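Here is a short briefing on one protein chain. Keep the sequence and the 3D view side by side as you read.

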Amino acid sequence: MTGHVLTGGCLCGSIRYEFDASEAVVDLCHCATCRKSTGGATVAWAQVKPSAFALTRGVPAKYQSSSKGWRHFCGRCGGQLFMSDPAGHSIGVTVGSLDDADAVTLSAHGWDGSRPRWLCLSDDLPRYPADPPYDEVD
Ligand SMILES: [Zn+2]
Ligand SMILES: [Zn+2]
């Protein structure tokens with residue numbers, strides 16, 4: 001793989017991946033589905049083309065969280081790794097599973113209308129009340 005290659009994986013190390021982040025779009029998703037699936041207050045996603053993403057170790061478990069999205073996670077430690085959509089438009093990689101979370105830069109907030117009132121973030125990035133216009137996966 002070439003370009004701006006980033007690596008990551010789950011907590012126990014059973015699943016590893018790499019992707020070319022050259023054209024990645026990074027957003028925070030404040031939707032209730034992301035909260036429920038991860039237990040976190042919000043989830044940062046790096047969206048890339050499927051051709052820019054590759055598993056390098058292990059086979060993740062998956063769960064269909066909506067008609068448009070599958071969530072892939074480690075069946076051993078439960079770490080949430082990435083999302084895919086049946087049409088193959090994009091892969092959303094959880095920024096929290098990167099080896100270096102500072103290797104990407106945040107560009108927007110999605111589902112800001114569902115953000116918990118107590119989660120206050122002081123950046124001036126675009127805030128979309130629901131799906132960002134570029135998003136294909138829930
Ligand atoms: Zn694991
Ligand atoms: Zn979400």
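Through how many residues does a hairpin join strand 6 to strand 7? Two residues make that link. This is a predicted model, in which local features need pLDDT of at least 70 and side-chain atom pairs count only at pLDDT 80 or more, while totals for chains, interfaces and linings use all residues. Residues are numbered from 1 along each chain as its sequence is written, and chains are lettered from A and ligands numbered from 1 in the order in which they are written.

**Overall picture**

- The chain holds one helix and ten strands. Helices (H or I, at least four residues) and strands (E, at least two) are DSSP runs, numbered from the N terminus.
- Along the sequence, the pattern reads β-β-β-α-β-β-β-β-β-β-β.
- The C-alpha trace spans about 40 × 30 × 30 Å along its principal axes.
- The radius of gyration is 14 Å, which agrees with the value near 14 Å for a compact globule of 138 residues. It is taken over C-alpha atoms, and the globule rule is 2.2 Å times the number of residues to the power 0.38.
- Of the 138 residues, 37% count as buried. Buried means that 20 or more other C-beta atoms lie within 10 Å of the residue's own; exposed means 12 or fewer, and partly exposed is in between, with C-beta atoms placed from the backbone.
- Among contacts between residues at least 6 apart in sequence, 57% join residues at least 24 apart. A contact needs C-beta atoms, placed from the backbone, within 7 Å.

- Seven strands form an open sheet in the order 6-7-8-9-4-3-10, with mixed pairing. Two strands pair if DSSP finds at least two bridges between them.
- Its edge strands are strand 6 (61-66) and strand 10 (108-110), and each pairs on one side only.
- The twist averages 30° from one strand to the next. Axes are lines fitted to C-alpha atoms (for helices, over the stretch in contact), and angles run from 0 to 180 degrees between N-to-C directions.
- Strand 6 and strand 7 (residues 69-73) are antiparallel, with five bridges. Here Lys-62 stands opposite His-72.
- Strand 7 also runs antiparallel to strand 8 (residues 80-84), through four bridges. Arg-71 faces Met-83 across this pair.
- Six residues lie between strand 7 and strand 8 in their hairpin, where Gly-78 takes a positive phi near 85°.

- Another open sheet has three strands in the order 1-2-5, paired antiparallel.
- Strand 1 (5-9) and strand 5 (53-57) are its edges, each pairing on one side only.
- Its twist averages 25° from one strand to the next.
- Four bridges connect strand 2 (residues 16-20) with strand 5. Arg-16 stands opposite Arg-57 in strand 5.

**The nonpolar core**

- The largest nonpolar core has 28 residues. Such a core is a set of buried Ala, Val, Leu, Ile, Met, Phe, Trp, Tyr and Cys residues joined through C-beta atoms within 7 Å.
- Phe-19, Val-48 and Val-93 have the most contacts inside this core.
- Strand 2, strand 3 (25-29), strand 4 (43-48), strand 8 and strand 9 (91-94) each give two or more residues to the core. Strand 4 gives the most, with five residues.
- Beyond its neighbours within four places in sequence, Phe-19 is in contact with Leu-6, Val-48, Ala-52, Phe-53 and Val-93.

How values were computed:
Contact = placed C-beta atoms within 7 Å.
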